[in-house]
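User: I have just opened this one and would like a walk through it. Could you take me around?

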Amino acid sequence: MKNRIGLKVGRNDPCPCGSGLKYKKCCLGRERQPEQDLQSLYLRRYKIHLKTPREIEGIRKAGRLALHILDRVEQEIAPGMKTGDIDLLVHRLTLEGGATPAPLHYRGFPKSVCVSVNEVICHGIPGERILEEGDIVNVDVTPILDGFYADVSKTFFVGTPGPDALRIVSVARDCLREGISAVRPGNTVGDIGWAVQRCAEGQGCSVVREFVGHGVGCDFHEPPQVPHYGRKGEGIPLAPGMVFTIEPMINLGKRDLYILEDNWTAVTRDGSLSAQFEQTILVTEKGRESLTPYDL
């Protein structure tokens, strides 16, 4: 049996009618198959909570605040600024917006935002590092507004970028755009990863595999995981109401990394530049909507 998004129900799977019986012992062979309750099916099979219209609106509002914060950060970034100054700015703007910063104290993370400079792939801890002319810096913002989360990041230029900085930031943007374009009901998580991987490797860059996109909205990290590499047609089918991040981390050199002694900061093993762009994406009935939209 297949439903309208292409999700196949096997003979030995739980019957989608909710009876608790196996499909072969219940509705298999009936002339009219019951309408699948996608909410129940996705929660039971994948532990994915398909968002309600009320929840989607809450995430959308959190997304507007997150974008406002990123816009203010972009206005302030300049050579000579400490990464800790970005943290103070994000923390203040989050509170002024009536929200709280999700990263603060999350599994021991000590700051309100991740700030990742040059060779830092992700989870950079803001502090005394001073931004220099020609650096690139990723700022990853996640406010919690009225109980809802929105997750978004951009990589910014500090002053005038050099050719390597221009290249890796351009490729990272392309990768997010291609990943988003693969989102529609009936496609799979693997389609997203395939699109990102093809884009990055086709331009001579590499995709970090240790960190992935994730469900978000009612919690900071929810199922499903969304790898930025993969094969077309594999993985969980996308269904209306799914909300997750696509956040490819793209290296100018090889994809290998290591974690610093702070147990958070991930850096490229070969010292090459790394860039990332991230948006929170909703699967709609006919396609997708970014709940943290900006131009790519």
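**A walk through the model**

Analyst: Strand 2 and strand 4 (residues 136–141) pair in the antiparallel sense, over four bridges. Strands here are DSSP runs (E, at least two residues), helices are H or I runs of at least four residues, both numbered from the N terminus, and two strands pair if DSSP finds at least two bridges between them. This is a predicted model, in which local features need pLDDT of at least 70 and side-chain atom pairs count only at pLDDT 80 or more, while totals for chains, interfaces and linings use all residues. Residues are numbered from 1 along each chain as its sequence is written, and side-chain values use heavy atoms, with hydrogens and water left out.

User: Which residue is the bridge partner of V117 in strand 4?

Analyst: The partner of V117 there is V137.

User: And which way do the residues of strand 2 point?

Analyst: In strand 2 (residues 114–117), C114 and S116 point one way and V115 and V117 the other, and all are buried, where buried means under 20% relative accessible area, exposed over 50% and partly exposed in between (1.4 Å probe, protein chains only). In a regular strand the side chains alternate between the two faces of the sheet.

User: New topic: where does T188 lie, and is it buried or exposed?

Analyst: T188 lies in the loop between helix 4 (163–181) and helix 5 (189–202), and T188 is buried, with a relative accessible area of 7%.

User: What is T188 in contact with?

Analyst: Leaving aside neighbours within four places in sequence, T188 is in contact (heavy atoms within 4.5 Å) with G233, E234, G235, I236, P237 and L238.

User: What about R255, which loop is that in?

Analyst: R255 is found in the loop between strand 12 (249–251) and strand 13 (257–259), and R255 is partly exposed, with a relative accessible area of 34%. The C-alpha atoms of R255 and R209 are separated by 7.6 Å, although these residues are 46 residues apart along the chain.

User: Last one: which residues touch the most other members of the largest nonpolar core?

Analyst: They are I77, V139, F244 and I250, in a core of 76 residues; a nonpolar core is a set of buried Ala, Val, Leu, Ile, Met, Phe, Trp, Tyr and Cys residues joined through side-chain atoms within 4.5 Å. The largest share of this core, nine residues, comes from helix 2 (residues 53–76). Apart from this core lies another, of seven residues, among them V208, F211, M249 and A266.
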